[in-house]
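My notebook is open and I am ready to look around.

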Amino acid sequence: MKKRNVYEQEIAELPPGLERAILRVLSFHRGRSKAIGRMALVAEVKRHGIQTTERQARECIKRLRRAGHLICSAPGEDGGYYLAE
C-alpha cells in the first residue's frame, strides 16, 4: 500500500512547465525515424531546467495525448516517443 501512495504523490506533484518542456523536446523528434527514448527524453527535459522522473514524464505524455497532442511511441531498441508527421 505504501508504494501506491508514493506513486500517487509523485503523479500529483508534476513539476510546473513539464508539459511545455516535453512538447519542446518532442518538436525536434517528428516521425518514427527520429524517435527519442524515454530516458533520453527525461534527460533532455532536465537540460531545460525541469526536474522530473521517468514516471512523471510518462504521466505527462498520457495527459498530453488526452489533450489531443499526437504523441506516438514505438517499442524496441530504436523505439521511443515522437510527434506524428
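Entry 1: I began with the words I would need: helices (H or I, at least four residues) and strands (E, at least two) are DSSP runs, numbered from the N terminus. Two strands count as paired if DSSP finds at least two bridges between them. I also noted that this is a predicted model, where local features need pLDDT of at least 70 and side-chain atom pairs count only at pLDDT 80 or more, while totals for chains, interfaces and linings use all residues. Residues are numbered from 1 along each chain as its sequence is written, and side-chain values use heavy atoms, with hydrogens and water left out.

Entry 2: I looked up how E1 and E2 pair. Strand E1 covers residues 71-74 and strand E2 residues 80-83, and they run antiparallel with four bridges between them. Which residue of E2 stands opposite Ile71? I found Leu83 there. Five residues lie between the two strands of this hairpin, and Gly76 has a positive phi near 100°.

**Entry 3: the whole chain.** I stepped back and found four helices and two strands in the protein chain. Their order along the sequence is α-α-α-α-β-β. The C-alpha trace spans about 40 × 25 × 25 Å along its principal axes.

Next I checked the radius of gyration, which is taken over C-alpha atoms; the globule rule is 2.2 Å times the number of residues to the power 0.38. For 85 residues a compact globule would come near 12 Å, and the protein chain, at 13 Å, agrees with that.

I then looked at contacts, meaning heavy atoms within 4.5 Å. Among contacts with a separation of 6 or more, 60% join residues 24 or more positions apart.

**Entry 4: inside and outside.** For burial I used this scale: buried is under 20% relative accessible area, exposed is over 50%, and partly exposed is in between (1.4 Å probe, protein chains only). Buried residues are 34% of the 85 in the protein chain. Areas come from the Shrake-Rupley method with a 1.4 Å probe, and for residues only the protein chains shown count as cover. The protein chain exposes about 5800 Å², with carbon and sulfur atoms supplying 49% of it.

**Entry 5: the core.** A nonpolar core is a set of buried Ala, Val, Leu, Ile, Met, Phe, Trp, Tyr and Cys residues joined through side-chain atoms within 4.5 Å. Which members of the largest one touch the most other members? I wrote down Ile22, Leu26, Leu41, Val45 and Ile71, out of 17 residues. Helix H2 (18-26), helix H3 (38-47), H4 and E2 are the elements that each give two or more residues to this core. H2 gives the most, with five residues. In soluble globular proteins, nonpolar side chains tend to be buried together.

Leaving out residues up to four places away in sequence, Leu41 touches Val25, Leu26, Ile36, Ile61 and Tyr81.

**Entry 6: Ala40.** Ala40 sits in helix H3. Is Ala40 buried or partly exposed? At 37% relative accessibility, Ala40 is partly exposed. Its C-alpha is 9.1 Å from that of Gly80, although Ala40 and Gly80 are 40 residues apart in sequence.

**Entry 7: salt bridges.** My rule here was a side-chain nitrogen of Lys or Arg within 4 Å of a carboxyl oxygen of Asp or Glu. How many salt bridges does this rule give? The count is five.

- I found Glu54 bridged to Arg58, with the closest N and O atoms 3.7 Å apart. Both lie in helix H4 (residues 54-66), four residues apart, about one turn of the helix. Glu54 is partly exposed at 25%, and Arg58 is partly exposed at 35%.
- I found Lys62 bridged to Glu59, with the closest N and O atoms 3.1 Å apart. They are three residues apart in H4, about one helical turn. Lys62 is partly exposed at 36%, whereas Glu59 is buried at 10%.
- I found Arg63 bridged to Glu59 as well, at 3.0 Å from N to O. Four residues separate them in H4, about one helical turn. Arg63 is partly exposed at 35%.

Last, I noted that salt bridges with shared partners join Arg38, Glu54 and Arg58 into one network.
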